[in-house]
Amino acid sequence: QVQLVESGGGFLQAGGSLRLSCAASGGTFSMHAMGWFRQAPGKEREFLAAISWSGGKTYYADSVKGRFTISRDNAKNTVYLQMNSLKPEDTAVYYCAAESVFYYSEYVGRNMEFDSWGQGTQVTVSS
């Protein structure tokens, strides 16, 4: 499994932008598809976006499509989540995850099996 550490969270006003980073260690980051999730207080964890190991395929939840962009830099062992036009309802703890059970998977979608998680980073959007 890979070890993941998120960063880049913060407090901002509605309409603003933020880029989250997820740095990986463990040696196999570049071989795995990655994803971003979030969890708001009192709510279940929500899938946001996924990216294939090569970065060639991406997949988004309808709730963030067109506002959020997932990307990765395998040379830096980092995956990113660019968030634009943020809304108060985007307030949550954001987590990155790796699908470390599979190697070199180009599948991205609802049936991915994420099994390595970071500790999360808080994003708070005020109205």
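This is a predicted model: local features need pLDDT of at least 70, side-chain atom pairs count only at pLDDT 80 or more; totals for chains, interfaces and linings use all residues.
Local features here need pLDDT of at least 70, side-chain atom pairs count only at pLDDT 80 or more, and totals for chains, interfaces and linings use all residues. Residues are numbered from 1 along each chain as its sequence is written, and side-chain values use heavy atoms, with hydrogens and water left out.

**The sheet**

Start with the strands. Strands are DSSP runs of E with at least two residues, numbered from the N terminus. Four of them form an open sheet in the order β1-β3-β8-β7, with antiparallel pairing. Two strands pair if DSSP finds at least two bridges between them. At the edges stand β1 (3–7) and β7 (68–73). Each has a single partner strand, so one side of each lacks a neighbour in the sheet. Neighbouring strands are turned by 20° against each other on average, direction ignored. That angle is taken between axes, which are lines fitted to C-alpha atoms; angles in general run from 0 to 180 degrees between N-to-C directions.

β7 pairs with β8 (residues 78–83) over six bridges, in the antiparallel sense. In one of the links, Thr69 has Gln82 of β8 as its bridge partner.

**A buried serine**

Ser21 belongs to strand β3 (residues 18–25). Is Ser21 buried or exposed? Its relative accessible area is 17%, so Ser21 is buried. Buried means under 20%, exposed over 50%, and partly exposed in between (1.4 Å probe, protein chains only). Ser21 touches Val5, Glu6, Ser7, Trp36, Thr78, Val79 and Tyr80, leaving aside residues up to four places away in sequence. Contact means heavy atoms within 4.5 Å.

**Rings**

The whole structure holds six aromatic pairs. Rings of Phe, Tyr and Trp (its six-membered ring) pair if their centres lie within 6.5 Å; planes under 30 degrees apart are stacked, over 60 edge-to-face, and the rest tilted. Trp53 and Tyr104 form an edge-to-face pair, 4.8 Å centre to centre with 85° between the planes. Trp53 lies in the loop between β5 (46–51) and β6 (58–60), and Tyr104 in the loop between β9 (92–98) and β10 (116–117), so the pair ties together parts 51 residues apart in sequence. Trp53 is partly exposed at 26% relative accessibility. Tyr104 is partly exposed at 46%.

Ring pairs also link Phe37, Phe47, Tyr59, Phe114 and Trp117 into a cluster.

**Charges over rings**

A charge sits over a ring if NZ of Lys or CZ of Arg is within 6 Å of the ring centre and within 35 degrees of the ring normal.

| Charged residue | Ring | Distance to ring centre |
|---|---|---|
| Arg45 | Trp117 | 3.9 Å |
| Arg72 | Phe29 | 4.5 Å |

Key: Helices (H or I, at least four residues) and strands (E, at least two) are DSSP runs, numbered from the N terminus.
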